Amino acid sequence: MKTANFGVIGISGRGSGMMRELMAVPGVNVVAVCDKYQDRAENGVKIVKEVQGTDAAMYLDYKELLKRDDISAILCCTTWITHCRIAIDSMRAGKHVAIEVGGAASVDECWQMVHTSEKTGKFCMLLENCCYDRNEMAIYNMNSLGMFGEITHLEGGYRHDLREEICLGRENRHGRLVNFMRRNGELYPTHELGPLSKLININRGNRFLTLCSMASKSRGLNVWMKKNKGEDYDIADFPFNEGDVVTTMIKCANGETILLTHDCSTPRPYSRNYNVQGTKGIYNETDDERAGKIYFDDFEREDWKPFKEFRDKYEHPLWKLYSEEGIHAGGHGGMDYLVLSAFAEAAINDVKPPIDVYDTAAWMSITCLSEQSAAMGGMPVPVPDFTNGMWIEREPYRRGKFCLDEVCRDCFENIDGEEK
Ligand SMILES: NC(=O)c1ccc[n+]([C@@H]2O[C@H](COP(=O)([O-])OP(=O)(O)OC[C@H]3O[C@@H](n4cnc5c(N)ncnc54)[C@H](O)[C@@H]3O)[C@@H](O)[C@H]2O)c1
């Protein structure tokens with residue numbers, strides 16, 4: 001079996017969990033860890049010892065880690081405003097890189113990622129785990145069978161009550177708070193936009209053209225702090241820039257519209273609000289544990305049906321395989337393990353990843369573009385074409401089990417027919 005050495009940068013809550021799962025992927029050997037906080041870096045060394053039984057090297061400065069020539073790839077789980085820089089430096093140092101999710105702070109950093117990847121031949125993969133979630137993959141599979149007809153409109157959201165995590169950002173040394181203080185826009189678009197983009201072939205025959213964003217007033221964080229930390233808490237009255245609910249509309253070259261909602265400062269159950277609407281039917285994510293419901297034109301009565309029965313029937317072959325192997329107990333129900341497996345497979349074999357630098361740049365750019373649009377009262381702004389025209393007729397993608405551009409049925413064994 002081929003193996004490769006990995007370095008991990010950013011070992012807080014997410015980084016430590018992702019590093020554990022990465023080490024569970026066959027062929028992965030973590031040899032170095034880094035966090036700017038000593039205690040977190042030390043914790044990284046401890047985790048590697050516990051899982052791999054080896055002594056990883058520890059760094060507080062990621063540039064020192066990148067000087068090593070025995071590392072093939074970097075897993076970066078730092079903060080929204082550091083991912084792009086670390087990705088660029090990693091590729092310049094000759095390493096493939098995968099970055100945790102979050103939006104970009106500027107269009108320029110997205111271009112720099114694209115140009116660096118093209119120049120160095122190293123890939124930059126956004127670790128958009130939701131592309132590998134069970135529901136999203138089953139819907140992708142159903143769409144590949146033509147069940148929704150032609151897709152016209154899509155919706156998704158990041159609707160997650162994160163008031164405690166955001167408000168206690170200083171106490172917990174967490175990266176979100178400053179973003180909510182200073183920015184106002186769609187701060188976290190990719191959990192929904194990633195899988196939605198793959199449904200409509202963004203960057204492969206389709207692309208985002210323009211977007212417009214509007215932000216509501218900001219109230220939720222102040223209310224939470226006063227209730228939980230008291231009226232005298234020093235930032236209880238801080239004038240947060242980020243609106244409680246930010247809505248963004250994207251228009252695509254092939255005519256589809258996409259509605260995104262960012263909603264992390266109000267009391268509410270978790271939802272990604274996934275909605276897929278086509279000429280033959282519609283999928284609608286419900287708020288009760290993302291159960292989902294579905295309606296097709298040929299139903300006898302005008303009633304929704306539960307998605308669960310369709311998901312069982314049209315399970316994506318990757319999920320069938322992983323359910324059979326019993327691996328889907330990892331983080332976020334299994335999608336973390338799958339996205340890390342996809343990254344590791346590409347890095348170990350030195351081949352194209354299923355989410356490439358053009359996807360990464362296009363999805364992440366929605367954040368800084370939405371800030372511009374919201375600042376101008378919802379004015380449409382153009383979305384750059386990071387493929388520089390290649391989207392019109394792209395080179396072929398790499399087929400395989402983790403492919404997100406096609407359901408590569410022939411790559412799976414013992415999968416029953418999925419015909420409707
Ligand atoms: N995909 C998912 O489901 C999911 C879930 C949780 C978090 N995340 C994402 O993962 C990322 C990390 O999340 P978190 O909750 O652990 O955040 P966090 O703010 O707690 O941790 C970030 C870590 O990165 C370190 N860091 C920042 N800049 C650094 C630098 N230049 N060099 C070395 N270390 C540096 C910080 O010291 C900190 O330990 C975020 O982008 C978050 O949005 C994704």
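Reader: Which of the 24 residues around the ligand come nearest?

Author: This is a predicted model. The shell around the ligand has seven nonpolar, 12 polar and five charged residues. Of the 24 residues there, the ones that come nearest are G10, S12, R14, E100 and G175.

Reader: Which helix gives the largest share of the shell around the ligand?

Author: Look at residues 13–23. They form a helix that brings three residues to the shell. That helix is α1.

Reader: How many helices and strands does the protein have?

Author: The C-alpha trace spans about 60 × 60 × 40 Å along its principal axes. Of the 420 residues, 48% count as buried. The count of elements is 14 helices and 15 strands.

Reader: What is the radius of gyration, and why is the protein called as compact as a globular protein of that length?

Author: Start with the globule rule, which gives 22 Å for 420 residues. The protein's own value is close to that, so it is as compact as a globular protein of that length. Its radius of gyration is 21 Å.

Reader: What share of contacts between residues at least 6 apart in sequence join residues at least 24 apart?

Author: Take the contacts between residues at least 6 apart in sequence. Then pick out those that join residues at least 24 apart. Their share is 73%.

Reader: What separates the centres of domain 1 and domain 2?

Author: Domain 1 covers 4–128, and domain 2 covers 131–317 + 357–411. In contact across the two are 19 residues of domain 1 and 24 residues of domain 2. Taken over C-alpha atoms, the centres are separated by 25 Å.

Reader: Which element supplies the largest share of the side of domain 1 that touches domain 2?

Author: That side divides into 13 nonpolar residues, five polar and one charged. Both α5 (107–120) and β6 (124–126) supply at least two of its residues. The largest share is five residues, and it comes from α5.

Reader: M113 lies in helix α5. Is M113 buried or exposed?

Author: Count the C-beta atoms around M113: 27 others lie within 10 Å. The cut-off for a buried residue is 20 or more. Among the contacts of M113, leaving aside neighbours within four places in sequence, are C84, I88, V357 and A361. Since its count is 27, M113 is buried.

Reader: Leaving aside its neighbours within four places in sequence, which residues is L22 in contact with?

Author: Set aside its neighbours within four places in sequence. The residues left in contact with L22 are F6, V28, V30, L75, L340 and A344.

Reader: Why is helix α6 largely enclosed, and how many of its 11 residues are buried?

Author: Helix α6 covers residues 134–144. Its buried residues pack against α9, β11, β12, α11 and α12.

Reader: Which residue with a positive phi follows α6?

Author: Go to the residue that follows the helix. Its phi is positive, near 80°. The residue is G146.

Terms used: Residues are numbered from 1 along each chain as its sequence is written. This is a predicted model: local features need pLDDT of at least 70, side-chain atom pairs count only at pLDDT 80 or more; totals for chains, interfaces and linings use all residues. A residue is near a molecule or strand if its C-beta atom, placed from the backbone, lies within 6 Å of it. Helices (H or I, at least four residues) and strands (E, at least two) are DSSP runs, numbered from the N terminus. Ala, Val, Leu, Ile, Met, Phe, Trp, Tyr, Cys and Pro count as nonpolar, Asp, Glu, Lys and Arg as charged, and the others, Gly among them, as polar. A residue is buried if 20 or more other C-beta atoms lie within 10 Å of its own, exposed if 12 or fewer, and partly exposed in between; C-beta atoms are placed from the backbone. Two residues are in contact if their C-beta atoms, placed from the backbone, lie within 7 Å. The radius of gyration is taken over C-alpha atoms; the globule rule is 2.2 Å times the number of residues to the power 0.38. Domain bounds come from an automatic or database domain assignment.
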